[in-house]
Amino acid sequence: MVAPVDSNQTATRKLYLETVGCQMNVLDSELVVGGLRQAGYELTHNAKEADTILFNTCSVRQHAEDKIYSALGRLKRAKNQRPDLVIGVLGCMAQKDQQKIFSRAPHVDLICSPGQLARVPEMIDEARTSRRQLAALGLGRKEGPTLQILGSFESYDPLREPGLRPTPFQAYVRLMMGCDKFCTYCIVPMVRGPEQGRPPESIVEEVRRLVGEGCREITYLGQTVNSYKYQHEDGRTYRLSDLLAMVHDFEGLDRIKFITNYPKDMTDDLLEAVRDLPKVSSYLHVPSQSGCDEVLKAMKRGYTDGEYREMLHRIHETIPDAAVSSDFIVGFPGETDASFEKTCDLVRDARFKNSFIFKYSPREGTKAFPLPDDVPEDVKKERNNELLAIQSAISAEDNERFVGQIVDILVEGPSKTSLKVDDESPVRQMSGRTHNDYIVVYEGNQRQAGQILPVRIVDATPHTLFGEVVTHELVSIG
């Protein structure tokens, strides 16, 4: 239990938090800030005026880690000038690198793994008073009995922090912690611990609270969200399809999404729930990673290219309007030109809504790390660009079919392009998403954020649809 903090003592404390990585990290940051708000902290977007600086980190790719170590290096002078400054590293890097962080950046005060984030407020307080380096970490996958390991990666649910949500009317809801898939390239099972689902009652109650706060869209999160399973003592087993149905009829909730999915767990009951529940988005993100059986086996993905294609067939047969996206890794050890061409064939045949494509990055602690990184960097880059070009051409062709159609979008706020312009006028380019996750921009008003509006699509690019708000004019007959 976190010890109470004297609110008078911390009333002027200012917190700067930088988040790197996936939606799960975004949610973790929201929960951390929610807890620190209760301890009297005020969030600031200026690190120079903060007396507590936290980094919520990602270890999926080397670039993300390098970015954090660079940021920590730049804070060394600030720490020397302000010894009372508390610097902390949270999340996946903390669990993966552990004492290495203190060695590379001795001015860091605390490290805390994803399963120990409830301890952050008390750790900050103790670090400031004791001036000792503190660590709160989960157990390794082989460092104890299963229940003990699970306990060291517990989720928690303090008060939420609306200011860190994607928008005030959209929220993430965690269904599960950890992952048991052990893909050979992936560090997640080691840094986020064993797979464990939250009780369905707590999930439903959290959604109820969020909708009561004005959230119109919730997104269920899990490393492999469609693997969610929770068994009650009475023997009843709950799956993702049950959780979709349990919140579907909440008044005020308009959209329900879920990410990210694992191909082998794309069950018929889930597809039927997406088909039959109107509020559930028909957008499915289902990473393939490769179209070559040999590479998939080396990655330990647990399925073949043929099985992935069979899953795609079931998706489109059950949900004809489904929008499917995927992830791919190019340059995995042993990937030949022929292997890569099979991946290109899959992308051409599947016609994904979009694909997220990454060059292989060896991660220490994974099964693939000892393998020779035998695909030259220039070849990785060439394959990355080629696959992007194939996907871009497909997305451009498919997006053209929207031109002339009217779609309903949930307006999220000013577009990224508009935010780059120093313009505070209420009329500006706005951005939103369709029910199945296509991005739409249009000229509108900031007051429209949070509304669901009909928009006629007038143009399209591979990544964006351009539209005009449909207005209804009343014409009087004299």
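**Exercise 1. Charges and overall form**

How many positive and negative side chains does the protein have, and how far apart do the centres of the two sets lie? Work this out for the predicted model, then describe its overall dimensions.

*Solution.* Start with the charges: there are 59 positive and 70 negative side chains. The centres of these two sets are 5 Å apart.

Next, turn to the fold as a whole. The protein holds 17 helices and 21 strands. Its C-alpha trace spans about 75 × 70 × 55 Å along the principal axes. For 478 residues, a compact globule would have a radius of gyration near 23 Å, and the protein agrees, because its own value is 23 Å.

Finish with packing and surface. Of the 478 residues, 54% are buried. Among contacts with a separation of 6 or more, 70% join residues 24 or more positions apart. The accessible surface comes to about 22000 Å², and carbon and sulfur atoms hold 51% of that area.

**Exercise 2. An asparagine in a strand**

Decide whether N56 is buried or exposed, and list what surrounds N56.

*Solution.* Then look at accessibility. N56 has a relative accessible area of 1%, and the cut-off for burial is under 20%, so N56 is buried.

Now look for partners. Leaving out residues up to four places away in sequence, N56 touches E18, T19, V20, N25, D28, S29, L90 and G91. With one of these, S29, there is a polar contact between the two side chains, at 3.0 Å.

**Exercise 3. Two loop residues**

*Solution.* Take T464 to begin with. T464 sits in the loop between strand 20 (452-460) and strand 21 (465-469). Its relative accessibility is 18%, so T464 counts as buried. Beyond its neighbours within four places in sequence, T464 is in contact with N399, I439 and V441. Y41, 423 residues away in sequence, is 39 Å from T464 in space, C-alpha to C-alpha.

Then take P287, in the loop between strand 14 (283-285) and helix 13 (293-299). P287 is buried as well, because its relative accessible area is 5%. Apart from residues up to four places away, P287 touches T260, N261, P263, R301, Y303, Y308, S326 and D327. D305 lies 18 residues along the chain from P287, with 12 Å between their C-alpha atoms.

T260 is in the loop between strand 13 and helix 12, and the peptide bond from I259 to T260 is cis, with omega near -5°.

**Exercise 4. A covered helix**

Which residues of helix 11 are buried, and which elements cover them?

*Solution.* Helix 11 runs over residues 240-248, and seven of its nine residues are buried. These are L240, S241, D242, L243, L244, V247 and H248. The cover includes helix 10 (200-212), strand 10 (217-221), strand 12 (237-239), strand 13 (255-259) and helix 12 (268-276).

**Exercise 5. Positive phi**

What are the phi values of Q98 and R131, and where are these residues found?

*Solution.* Q98, a residue other than glycine, has a positive phi near 50°. Q98 lies in the loop between helix 5 (92-97) and helix 6 (99-104). Its relative accessibility is 29%, so Q98 counts as partly exposed.

R131, also not a glycine, has a phi of about 60°. Its loop is between helix 7 (120-130) and strand 6 (134-136). At 37% relative accessibility, R131 is partly exposed.

Notes: Residues are numbered from 1 along each chain as its sequence is written. This is a predicted model: local features need pLDDT of at least 70, side-chain atom pairs count only at pLDDT 80 or more; totals for chains, interfaces and linings use all residues. Side-chain values use heavy atoms; hydrogens and water are left out. Buried means under 20% relative accessible area, exposed over 50%, partly exposed in between (1.4 Å probe, protein chains only). A polar contact is a pair of N or O atoms within 3.5 Å; within protein, one must be able to donate a hydrogen and the other to accept it, and residues adjacent in sequence count only if both atoms are side-chain atoms. Contact means heavy atoms within 4.5 Å. Helices (H or I, at least four residues) and strands (E, at least two) are DSSP runs, numbered from the N terminus. The radius of gyration is taken over C-alpha atoms; the globule rule is 2.2 Å times the number of residues to the power 0.38. Accessible areas come from the Shrake-Rupley method with a 1.4 Å probe; for residues, only the protein chains shown count as cover. Lys and Arg count as positive and Asp and Glu as negative; His and the chain ends are not counted. The place of a charge is taken as NZ of Lys, CZ of Arg, CG of Asp or CD of Glu.
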